[in-house]
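Hello,

Here is the structure I promised to pass on. My notes follow below it.

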Amino acid sequence: MRRRTSVVAAGALAAWLAAAGAARAQDTSKVGRDSIAARLDRAEEQIRLLQQELADEAQTRVTTRSRMSLEFTGRVLVTGFSNSRRVNNVDDPQFVRPDTASGLPQGGAGMAIRQTSLGLAVTDPQVFGGNFHGDLDVDFFGGQQPSTGGRTFPLLRLRTARAMVKWTHGELMVGQDAPLIASGNPTSLAALGTPDFAGAGNLWLWLPQVRAGLETGGAVSVGVQGAVLAPTSGDPANAFDTDDDIAEHSSRPYLQGRMHVRWGSDEMAGDIGVGVHQGWLATKGDSLLTSSAFAVDMKVPFTSWLELRGEAYRGQALKGLGGGGIGQGTGL
């Protein structure tokens, strides 16, 4: 009986050990299966998210035939206005005009939408070894159709059009932009058609030009720029046909140069510069009248939502740059 009990006990112990081993093997296999399943679930979720991101990008990103990245922008702007006197443009006035003898009130109030703007931009990271950026900006402040619709039938107007290539220490721009020596303007949704303070001297007029520059780079960059601009006297042109103005009659371009210090990036980008302008206006006979200026400008950010902008200049015959004082001209 003792030997049989011992044999039975040994058999029971072996069976228990085998069962325990099998249970451990099952637990290990189950844990392994659970771990693999969890990893597969996570991989499937990541693949699904990646597919969604690719689908969203395919829907929102537009490319040109040359594979440049293309972006459209726009601003629908409805402005309300109220003027107590007669002005040049009721929805974006720069100066007061003489009263009329019509007997009607000299001021008025209304609404307009012609300062709405549209834009597009193309980019390419590899053009002539640099980053290419081109943009076009238009609005509907080019006047209005002579009809009963008035300002509700506005005309399209080209504001700026630029093609720029930037390298580590240089840049080149061809197109239409603000004067190099005074490229900053006040920021106001009430005055986009003509920037604020144009009647008080702000030099803003967008002119065709070729601009180039070099800078040191780094956290604080020092640079020098030069520009050749289309000459213009700022005198109004006819509705369709155009003729040479007195600046174009000189057969000489406007020339501008600027030195600057830059720092920061994006919303915290700052810039302080000094510049010079030289141009010529034709007069009767063989003599030329000089258009010249010395300017200082700055853009100093304090936070991402607060910055200080300003410019000052001293010069003469600057109506062709968009300002220089109300009615300033040559009288020719």
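The hairpin of β9 and β10 has 4 residues between its strands, and there Gly 217 takes a positive phi near 80°. Strands here are DSSP runs (E, at least two residues; helices are H or I, at least four), numbered from the N terminus.

This is a predicted model: local features need pLDDT of at least 70, side-chain atom pairs count only at pLDDT 80 or more, and totals for chains, interfaces and linings use all residues. Residues are numbered from 1 along each chain as its sequence is written, and side-chain values use heavy atoms, with hydrogens and water left out.

β10 has two partners. With β9 (residues 207-215) it pairs in the antiparallel sense over 7 bridges; pairing requires at least two DSSP bridges. Arg 211 has Ala 227 of β10 as its bridge partner. With β11 (residues 254-263), β10 pairs antiparallel over 10 bridges.

The covered face of β10 holds Ser 221, Gly 223, Gln 225, Ala 227 and Leu 229. Its uncovered face holds Val 220, Val 222, Val 224, Gly 226 and Val 228.

The largest nonpolar core has 16 residues. Such a core is a set of buried Ala, Val, Leu, Ile, Met, Phe, Trp, Tyr and Cys residues joined through side-chain atoms within 4.5 Å. Buried means under 20% relative accessible area, exposed over 50%, partly exposed in between (1.4 Å probe, protein chains only). Leu 229 and Tyr 254 are among those with the most contacts inside this core. β10 (220-229) and β13 (288-303) each give it two or more residues.

Overall, the protein has 1 helix and 14 strands.

Best wishes
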